[in-house]
Amino acid sequence: MPPTLTLPQARRIALAAQGFADGRPAPWSASMRQVQRVIDRLQVVQIDSVNVVTRSQYLPFFARLGPYDTALLDRARDGAGPRSQAPRRLVEAWAHEASLIPPETWPYLGFRMQRASVDSWSRRVESEHPGVLGAVLDTVTRHGPITAREVDRWVEHDVPRTREHWGWNWSLVKQCLEHLFWAGRIVSAGRNSQFERRYALPSYLLPADIVARGPGEPGAPDQEESGLALMRRAVRAHGIGTEADLRDYFRLRQQMAAPALAELVRRGEVEQVQVRGWDRPAYLDPSARRPRAVRASALLSPFDSLVWERARTERLFGFRYRIEIYVPAPKRVHGYYVLPFLWNEQLVARVDLKADRAADRLWVRAVHLEPDAPRGSREALAEELALLADWLQLGRVEVT
């Protein structure tokens with residue numbers, strides 16, 4: 001029989017794997033080395049355009065480091081300057097969703113890029129608008145890093161813009177850019193202040209040895225090697241999880257993830273265990289820390305990797321969490337942009353927040369404490385909100 005762990009043991013392993021057992025540096029003292037440590041632990045940091053509090057990619061670092069200089073993360077992604085070709089610590093790719101990942105992970109997503117490069121969309125565009133896709137790629141090659149609007153001005157085409165989905169108004173050029181990005185033929189060299197991608201060739205920001213392992217290159221890893229590499233990273237980032245938890249980290253299909261996980265178990269890199277109360281096997285990183293207690297205080301982005309797999313969040317913490325951004329206001333239960341609050345080893349509250357810069361306030365629109373929130377939860381949350389307001393350079397916390 002596989003070893004059995006209690007739920008509190010599994011919870012502490014998961015929290016430690018995600019960096020919540022490390023302790024924070026003093027406010028504003030975090031170094032690039034500590035930012036890198038978070039990158040190494042998480043492996044994937046999801047990007048999202050919603051800017052109610054701040055851009056989502058900054059929040060996981062605040063949750064683990066407290067108030068820090070966000071320029072450190074920008075430099076990790078963009079290099080030393082806007083047009084710097086210094087090695088990046090992070091690159092953007094379709095991993096979980098649109099995400100920041102270490103550059104060495106990029107080739108292992110090549111199987112996904114290869115699928116995109118031969119999909120029906122590109123064949124249809126070449127048939128209906130011959131030459132546009134090539135013209136877009138040529139423009140990025142000659143002028144990159146470059147935004148979609150800048151490419152649009154360079155490429156001449158007569159395709160009318162459409163508004164088929166609410167909130168979007170992409171030209172054919174923008175669609176071509178996104179396709180080329182998805183297929184790995186171009187990359188994002190960072191984002192501008194309007195959160196627009198700046199497109200460039202892979203050779204602009206990736207080391208030559210990584211480009212040589214990119215999609216379609218002779219040195220590209222095959223699907224089996226990629227599955228092993230990605231599931232290995234997922235296990236390290238989880239500490240412990242089910243097969244479904246682990247394959248969700250990089251959004252892998254079961255037929256790719258299951259054989260990789262079985263091989264990692266066979267090699268002894270992963271241990272199959274049972275967690276009391278779970279109805280399916282769990283998989284443990286044998287090298288994972290097993291702290292006797294975790295002392296943490298953190299407001300979590302809705303896109304934080306600790307909570308983005310909602311079934312796992314409920315299984316680990318007894319905390320049913322749903323994001324309600326796209327729910328009509330009268331039907332929302334907890335609010336528009338709700339951050340779970342982690343205190344020690346529990347998720348004890350949900351906080352609907354808005355950074356109201358015009359009023360110089362961190363606006364707390366609603367607080368919902370969990371029924372079993374321990375004594376002191378409210379005070380701990382107040383302290384964390386004050387830290388968040390300071391980090392966002394807002395003058396006060398206002399609770400309504």
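**Rings, charges and buried residues**

Reader: How far from the ring centre of tryptophan 278 does arginine 315 lie?
Author: Arginine 315 lies over the face of tryptophan 278. That calls for NZ of Lys or CZ of Arg within 6 Å of the ring centre and within 35 degrees of the ring normal. For arginine 315 the distance to the ring centre is 4.9 Å.

Reader: What kind of model is this?
Author: Residues are numbered from 1 along each chain as its sequence is written, and side-chain values use heavy atoms, without hydrogens or water. Local features need pLDDT of at least 70, side-chain atom pairs count only at pLDDT 80 or more, totals for chains, interfaces and linings use all residues, and the model is predicted.

Reader: Which ring has the charged end of arginine 350 over it?
Author: The charged end of arginine 350 sits 3.9 Å from the centre of a ring. That ring belongs to phenylalanine 319.

Reader: Is threonine 242 buried or exposed?
Author: Threonine 242 is in the loop between β7 (240–241) and α13 (243–249); these are DSSP runs, numbered from the N terminus (helices H or I, at least four residues; strands E, at least two). Beyond its neighbours within four places in sequence, its contacts (heavy atoms within 4.5 Å) include Trp278 and Arg315. Buried means under 20% relative accessible area, exposed over 50%, partly exposed in between (1.4 Å probe, protein chains only). At 1% relative accessibility, threonine 242 counts as buried.

Reader: How many aromatic pairs does the whole structure hold?
Author: Rings of Phe, Tyr and Trp (its six-membered ring) pair if their centres lie within 6.5 Å. A search of the whole structure gives a total of seven.

Reader: Which class does the pair of phenylalanine 61 and tyrosine 68 fall into?
Author: Planes under 30 degrees apart count as stacked, over 60 as edge-to-face, the rest as tilted. Here the ring centres are 6.3 Å apart and the planes meet at 45°, so phenylalanine 61 and tyrosine 68 are tilted.

Reader: And the pair of phenylalanine 62 and tryptophan 391?
Author: Their ring centres are 4.7 Å apart. Their planes are at 15°, so this pair is stacked.

Reader: How many residues apart in sequence are the parts this pair ties together?
Author: Phenylalanine 62 is in helix α3 (residues 59–65) and tryptophan 391 in helix α16 (residues 377–391). Phenylalanine 62 is buried at 0%, and tryptophan 391 is buried at 6%. The pair therefore ties together parts whose separation in sequence, in residues, is 329.

Reader: Which residues form one aromatic cluster?
Author: Phenylalanine 61 is buried at 0%, and tyrosine 68 is buried at 1%. Both belong to the cluster formed by Phe61, Phe62, Tyr68 and Trp391.
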